[in-house]
Each structure stands twice: as structure tokens, then as C-alpha cells.
Amino acid sequence: WDLRRSFRPSSVAKTMISLARSCTRAKPLGHLSATLKIRRRLVHTTKLYINGEMRESESKSFIDVYNPATQELVTRVPEASQSEMKEAVDAASKAFETWGKTSVVTRQRVMLKLQQLIRDNELELAKSITVENGKTLADAKGDVFRGLEVVESCAFLAPSMMGETIEGLSDGVDTYSIRQPLGVCAGICPFNFPAMIPLWMFPVAVTSGNTYVMKPSEKTPGATMLLAELAKEAGLPDGVLNIIHGGVDCVNFICDDPAIKAISFVGGNAAGEHIHARGTANGKRVQSNMGAKNHGTVMPDADKESVLNALTGAAFGAAGQRCMALSTVIFVGQAQQWIPSLVPLARGLVVGSGMDEGVDIGPLITKQSKERVESLIASAEAEGATILLDGRGASVDGYPLGNFVGPTIIDNVTPDMTCYKEEIFGPVVVIMRADSLEEAISITNNNPYGNGCAIFTQSGAAARKYVSEIDAGQVGVNLPIPVPLPMFSFTGSRKSFVGANNFYGKSGVQFYTQIKTVTSNWKINPDSSAAMTMPILK
């Protein structure tokens, strides 16, 4: 991609645009399978971004990225060599020598320009996301926008970096604290938010004075590469942001390299717990946002229509591939009578290619993801749950190879069932029943995850009780997906988060900075003798 003040497609961009357009055209199965080998030879490879330069990797090992709706080969992602990854870290270390001393207002101005460039290129970023990830174009624009909000907040980050001062703590003694950057930091991103999650990470880090090494998901690297181009145009100096690619070896390199001081991660629990353990063992700060099983509680006094609409969007949007999806709903008392009304709303959702107009649910990221989701639906049926709406075997005209699963509603679920214990990460909602608010709170708190939850009610007392007693990091009241805006922080808890401070907001700045406390002694009449005892301020 060649992004300057207006979007001008390079040869790589033309390839991406061609792929995006092809998403709206029906292709027979035989044609697709026959062209895959040819496209593997012709398709572009994703580049590394080191010291301000887009460059081809020397690697001979690549990870193929396929369009989830068509199975067309989009790009080949290199598994960066050890020397290339080391070069990226060295570039970041060198850049920190000057960037860390650059004024806060200068760093903020870079973010101010970056946010405008992101706005100007929102559509191109969204198309890249849809081609690689599969989510609808409208949802991809939302992905970009929620990341953009963090960049906007970084254009006024200075107040969050303020220290504290006490003048005259003792005779002629003042004490104050300052926040200073850590140095080289790194981010490891998931596939499901190719723009938002990178924008949770590097803008906060670099505006705080750090330099950065980013590893985007090997499944969806395109948006991060576009953001790197925009960051350079916004004035971010060479070496301040670097991008490497790969799988486990790349992750372990980030965990082990001594120059990297802090790691941000968003993704599954297995990877997140590994990164936290390995990174902290090597003396690094780690913030790790992981899996979720978000519960919604529906009280009988809630507004039925608004609740059912909210549940439909929160459960099935992004094909359920988001860590804040409302994947479990507990209907309390008489609200259980509303369960059948959820079915026609879900059945009315349109499944298809994210590039096509009118589509509500795009494909899952890979064939393996589709198989896993369908197997969890099957397990629910085998374990005694009721399938009110079955999305297995979904087919979409013109897209015979798409990784599609239709909206699925599973009723009469109990806590011992596999579909409840595991994060499904698909367009599936499991339904549970409770006789009281207390029972709903108990069910929610007994599940190990604590990313988010929501209550739907017209009772202030019920809402207050729920907010007070629920054990989750983010709580919505009549709001199904309570992701905070960046003047606050993303505050997952329990099994959904491990590590130091949370993402973005004041907590994000605290993660990427260290406190230095200074005590100064400027007495008019200095001490006339040596003090041999523990100093005491008077």
C-alpha cells in the first residue's frame, strides 16, 4: 500500500482492491480451487517495517492469508528471521535515544496528525480488514473508529503523564514525582480487530516517549501495515515504530529479548498466559487481555424490544469473534417468556461476504474456526441442550468455500456443558435461566472469566445491586457491550486479564511509564555536621 496525503494505490494496493472487488462476484468452486496454486506464486508478500523502511523479508517460510469468504489467497506473511527481528529491536533502541527526549507536545502533535490521516483513509483500512478478516465493511469501519478514539486521546496525553509535588516537605526539602518512558516496548495482536488493537497499543506507548516493535496477527497483517505508512506520514521518526511478522518463534523472541521492557498482548488464554509467564520471567512488564464468557442478565421489568435488539447485535455481530461478545444470556423469572422471540430476530440476519451490501454476519476467520464452532454446537445437542436456531451448514450463494456459520441459539444450557465452559468465538448465544437476580449474579460470578457483563432492567435498585456484586471488569447497565472510551481504561479481570496495568486511558500510560521520585534539599543554612543515623525530615 502506498498511502500519501490522498490514497494512491501501489501495485500491492491494486492487488488488495482487486481481491476486495472479487468478494462481490460469485465464483464457481472449480475455478477457485484451480487458481489457488497460481495465486500463491503471483500474490504479493507482506513486508517487514524496520527503521522506517518497508522491506521484503529474507525468510523462506511464509504463512498464507486467505479471504475467509472466497478462499482466495490475499497475501503471504513471512516468518521473520532472528536477525531481522533483532534489527527491528536495534532500530527501536537507537530511535529511543532521541525520541525519548522529544517534548511531549511534539509527540502529541504527531498523534493529532495521525488521527486525521486515519480518518482520511478509513475506507481503505476497512477494506483491508474485510478482505483478510471477513467482517462486514460497516463493522470494519467501526473497528477503525474505536482505535481512532485512542489516537485522539493521545493528542492530549500530557495530563495523564503528570506527576505529583509536595513543596516544603521539610525544611528546605521538596519532593516530586515524574513519569518517564520505559524504552523499547512490544505489542502482539489478535486477528479479530486488525486496526483497533494495534491502535490501543503503539499510540499510547510512543506518545509516552517509548519506541515500539509490533507483531500483528499473521492472519490479518494488512491494517497494521497501512497504519505504519500513515504514522510515518504523520511525522513519526524512523525506528520509533517497527513491524515484524511470524508465529511462536516471533512471540518467544519478544518475550526473551532483553532490550524489550514491556509487552502488550490481546488474544486467547493459552498464548496470553504463556507470554505473561515467559515475559515476566525475563523481567518485563506484561499486560495480557485474554478470553471471555460475557454474561447478560435480563430482568422481567426490562424493555423487551430494546433488550432483544441489543442481544441480537451483541451476540452475533462480528460473527461473534470479539472478546466482548455477549455470548451468554440469563433470563430471570418472567423474562424467560421472551426467549422464543429472539429466534426470528436472529433468523432474519443475513449471512454473507462482508463486502456485500446488506450482510449482517460475515465468515469466520478460518475453516478450522468454523469446524470448532460447529463441533461445540454439536456438543451442546449431545449434552442435552435445546438448539432453537441452528447455524451449522450455512451456505451462501456465490461463496461455496466461505467459512460461514449462521446465527445459533442454544437454550437450556447448564454450567457443566462444554458450550458454556469454553469460549465459542462464533455467532452462537447460549441461554440460561434463573429464578432471581441473586441466582443470575451467582451464575455469572462462578464462571472463571471477568471481561464484561451487562444487566437489562428498569430498576435502579436492581442495577445498583448488580454493579456492586458482580465480579467482572466492565459492566453495562442497559448497554450490551460496555467497552470504555479512552478517557477510561479497558479493565478486564479474573481469567480474562493478567499482568500489570490495563489498556489505554490513564492505566495505559502508567503501564508504559515508570515513576521516578525526586527529593531535593535546598536549605538556606546547610547542615554543619555529618548525620550518622537514618535521616529524618523535620
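In which strand is the place of Arg-55? Arg-55 is found in strand β2, which covers residues 53–55, where a strand is a DSSP run of E of at least two residues and a helix a run of H or I of at least four, both numbered from the N terminus. The model is predicted, and local features need pLDDT of at least 70, side-chain atom pairs count only at pLDDT 80 or more, and totals for chains, interfaces and linings use all residues. Residues are numbered from 1 along each chain as its sequence is written, and side-chain values use heavy atoms, with hydrogens and water left out.

The side chain of Arg-55 makes a polar contact with the side chain of Glu-87 at 2.8 Å; such a contact is a pair of N or O atoms within 3.5 Å, of which, within protein, one must be able to donate a hydrogen and the other to accept it, and residues adjacent in sequence count only if both atoms are side-chain atoms. When neighbours within four places in sequence are left aside, Arg-55 is in contact (heavy atoms within 4.5 Å) with Lys-47, Leu-48, Ile-50 and Glu-87.

Two packed helices are described by the angle between their axes and the distance between the axes. Helix α9 (residues 248–256) packs against helix α10 (residues 269–281) at an angle of about 35°, and their axes are 8 Å apart; axes are lines fitted to C-alpha atoms, for helices over the stretch in contact, and angles run from 0 to 180 degrees between N-to-C directions. The contact is made by Val-251, Asn-252, Cys-255 and Asp-256 of α9, together with His-274, Ile-275, Arg-278 and Gly-279 of α10.

The largest pocket has a volume of about 890 Å³. On a 1 Å grid over the protein atoms alone, a pocket is an open set of points where a 1.4 Å probe fits, with protein on both sides within 12 Å along at least five of seven lines, and lining residues have an atom within 4 Å of a point; grid points are joined across faces, edges and corners, and a volume is the space filled by probe spheres set on the points. Of the 35 residues that line the largest pocket, Phe-191, Phe-265, Gly-267, Gly-268 and Ala-271 are the closest to its centre. Helix α10 provides the largest share of this lining, with four residues.

The second largest pocket, with a volume of about 380 Å³, is lined by 19 residues, and Arg-146, Phe-193, Arg-322, Ile-481 and Val-483 lie nearest its centre. To the lining of the second largest pocket α6 gives the most, namely four residues.
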